[in-house]
Structures are given as structure tokens and as C-alpha cells.
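Colleague: I would like to learn how to read a model like this one. Could we take it feature by feature?

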Amino acid sequence: MILRSLKWGANFVGALMLFLLLSGTAFAQDGGPSTAELGVVTDTMWLMVTAFLVFFMQAGFALVEAGSTRSKNTVNILMKNLMDFAIAAIVFWMVGYGFAYGTSAGGFIGTDTFLLGDIREAGSVPKLAIWLFQVVFAGTAATIVSGAMAERTKFSSYLIYSFVISLIIYPVVVHWIWSGSGWLNTYSGNTTDSWGFTDFAGSTVVHSVGGWAALMGALILGPRIGKFNPDGKPNTIPGHNLALSALGVFILWLGWYGFNPGSQLVFKSQGDADAIALVAVTTTLAAAAGALGAMFTTWFKTGKPD
């Protein structure tokens with residue numbers, strides 16, 4: 001019975017593929033898409049693929065943090081990294097994207113484009129593809145904080161934090177720098193040599209925002225219980241699974257190939273290809289240098305590589 005069902009399914013798929021191939025041939029004979037349309041397609045595909053890579057970084061953060069903390073906190077860490085993106089996605093769709101890229105109010109905050117719909121414009125990348133690429137950046141900014149406040153943050157409090165940073169804090173900074181009409185970086189089609197504050201791939205917009213929020217959280221919470229002795233001497237609190245942490249590092253490294261090269265935003269010309277290749281190689285060398293620097297620093301300080 002199972003084999004008969006599989007055979008029927010294979011025949012159906014084969015017939016469907018044949019139909020699509022024949023349909024595609026007929027379509028091609030009718031002229032097919034123009035060069036401009038193909039450019040939109042490649043740009044859209046580039047944004048979507050790189051957005052998927054950046055989204056995968058959520059898994060990397062979750063594994064690094066879960067493996068680097070005690071086993072009793074694993075579920076808490078994993079839930080935080082899952083839920084902060086879930087919250088960021090809904091909030092950024094409802095309000096955050098409008099605050100970031102809506103019509104500017106004095107260069108400070110956007111005032112429309114809320115509850116983003118299926119906005120299409122001939123000759124342009126679909127607005128939903130742009131939103132997807134932007135929301136994974138928003139999720140990254142939110143999740144940076146979870147590691148700095150690991151093992152001492154109430155879950156419900158963390159959800160409130162994720163909501164606030166995705167609703168107002170991150171989108172406002174995006175508007176200032178990336179919207180094209182923010183007070184830190186106002187530009188137009190004829191702007192030359194005077195861009196103001198420039199951030200290519202989010203070192204400030206994403207990581208500085210997340211880092212400052214993490215610092216404030218760590219200052220408010222203080223150290224983990226048992227981290228310091230009464231005399232101020234620190235105690236080691238080892239993680240419970242270095243395999244998880246190492247796998248998380250590799251996933252994050254892979255995700256950077258979406259984060260950084262993807263920030264070129266378009267992929268239709270020789271100039272785009274050159275820029276993307278340069279950024280990808282720079283990302284590779286920077287990550288490798290950082291890993292070696294960390295290893296040799298620890299080796300020098302403790303007498304063994306870590």
C-alpha cells in the first residue's frame with residue numbers, strides 16, 4: 001500500500017514538473033521578463049537569502065548563551081532568544097517599521113507606514129522583502145542583551161524589555177541614521193560627500209544599541225549570585241556545554257555573511273558584486289583575527305588556550 005502510494009505520488013510530481021516546463025517554454029517564447037524586472041528579482045532574492053542568514057543568528061546566540069551558562073538555566077535562555085524575536089517581529093510590523101522608515105517628524109521619528117501591508121511598486125523590490133531584511137536586524141539588536149543579563153533576569157521582565165526596544169528604542173535610532181531623513185544622516189539623490197553619520201551594516205544602529213542596553217541591564221542587575229567573594233575576588237562560573245557554544249559560534253559566523261554583505265542591499269551590477277565580495281572577505285578576516293586574538297590573549301594570561 002505504501003509503495004503504491006509512493007509510486008502514484010512520483011507519477012503526479014513528474015507530470016506536474018513536465019507541465020511546468022512546457023508552460024515555462026511557452027512563457028519564454030512570449031518574451032519573458034525584462035532586464036529591469038530581472039534586476040528587481042535578483043535584488044529581492046539577495047535581500048531574502050541574506051535575511052534568512054541573519055535570522056539563523058538567533059540560533060547561534062541561543063546556543064552560545066545556553067552552552068556558556070549553567071544547565072539549570074538552559075530553558076530560560078532558549079525561551080528568551082526565541083521570544084525576543086517573536087515579539088520583535090510582531091511589534092516591528094505593527095509600529096516599529098513605521099517609526100523607523102515612515103514620514104519623518106523633524107528628523108526624529110517616522111509617523112506612518114504602520115501595520116505594513118503588501119505594498120508593491122513597479123520596478124522596485126517589494127516592501128515586504130525590505131521589511132523582512134530589517135526585522136531580522138531588529139531581532140538581533142534585541143537578543144544581544146540576553147547574554148549580558150543571563151541567569152539573573154526574570155522571564156516576564158525580559159519580555160517587557162524586548163517589547164520596548166523593538167517598539168521604540170531601536171526604530172528611533174534606525175530613523176536617525178538609515179531612513180534618509182533622520183537628523184544624523186539626511187540625504188537625497190543628489191547628496192555628494194556630505195552624508196553625516198554613516199553606518200554600513202549596523203555596528204552602531206544594531207550592536208551599539210544592543211550593547212548599551214545590555215550594559216544598562218548589567219549595571220542594574222549586578223553580578224550573578226556567587227560570582228564574587230566578600231573580598232571582591234571573582235569566582236569562575238563555567239558553562240555546562242562547550243559543544244553548544246562552539247556550534248553557536250560557527251552559526252553566528254555564517255550569519256555574518258548575511259548581515260554584512262547583505263547590507264549592500266542590491267546585487268545587479270559589477271560594482272555590487274565587487275563590493276559584496278570585499279565585504280565578505282573583510283568579514284572572514286575580521287572574524288578569524290578576532291578568534292586568534294581571543295585565543296592568544298587567554299593563552300598569555302592563563303597559560304593555556306581557551
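Modeller: Start with L115, which is in the loop between β2 (109–110) and α4. Helices (H or I, at least four residues) and strands (E, at least two) are DSSP runs, numbered from the N terminus. This is a predicted model, where local features need pLDDT of at least 70 and side-chain atom pairs count only at pLDDT 80 or more, while totals for chains, interfaces and linings use all residues. Residues are numbered from 1 along each chain as its sequence is written, and side-chain values use heavy atoms, with hydrogens and water left out.

Colleague: What is the phi of L115?

Modeller: Phi of L115 is near 50°, a positive value in a residue other than glycine. L265 is not a glycine either, and its phi is positive at about 75°.

Colleague: Where is L265 found?

Modeller: L265 sits in the loop between α7 (242–259) and α8 (270–302).

Colleague: Now the helix pairs. At what angle do α4 and α6 pack?

Modeller: Axes are lines fitted to C-alpha atoms, for helices over the stretch in contact, and angles run from 0 to 180 degrees between N-to-C directions. Here α4 (residues 127–148) and α6 (residues 203–221) pack at about 30°, and their axes are 8 Å apart. α4 and α6 are therefore roughly parallel to each other (under 35 degrees is roughly parallel, over 145 roughly antiparallel, 65 to 115 roughly perpendicular, the rest oblique).

Colleague: Which residues of α4 and α6 meet?

Modeller: On the α4 side, F137, T140, A141, I144, V145 and A148 meet V206, H207, G210, G211, A213, A214 and A218 of α6 (contact means heavy atoms within 4.5 Å). By class, the contact of α4 with α6 has nine nonpolar, four polar and no charged residues. Ala, Val, Leu, Ile, Met, Phe, Trp, Tyr, Cys and Pro count as nonpolar, Asp, Glu, Lys and Arg as charged, and the others, Gly among them, as polar.

Colleague: How do α5 and α6 cross?

Modeller: The axes of α5 and α6 come within 10 Å and cross at roughly 140°. That makes α5 oblique to α6. From α5, the contact uses Y161, I165, I169, Y170, V173, V174, I177 and W178, and from α6 T204, V205, V206, V209 and A213. This contact of α5 with α6 has twelve nonpolar, one polar and no charged residues.

Colleague: And what about α3 and α5?

Modeller: The axes of α3 and α5 cross at roughly 40° and come within 8 Å. Residues in the contact of α3 with α5 divide into 20 nonpolar, five polar and two charged.

Colleague: Last, the largest pocket. Which residues lie nearest its centre?

Modeller: On a 1 Å grid over the protein atoms alone, a pocket is an open set of points where a 1.4 Å probe fits, with protein on both sides within 12 Å along at least five of seven lines; lining residues have an atom within 4 Å of a point. The largest pocket is lined by 22 residues, and Q134, W178, Y187, S263 and L265 lie nearest its centre.

Colleague: Which helix supplies the largest share of the lining?

Modeller: α4 does, with five residues. α2 (35–68), α3 (74–101), α4 and α5 (155–178) each supply at least two. By class, the lining has 14 nonpolar, five polar and three charged residues.
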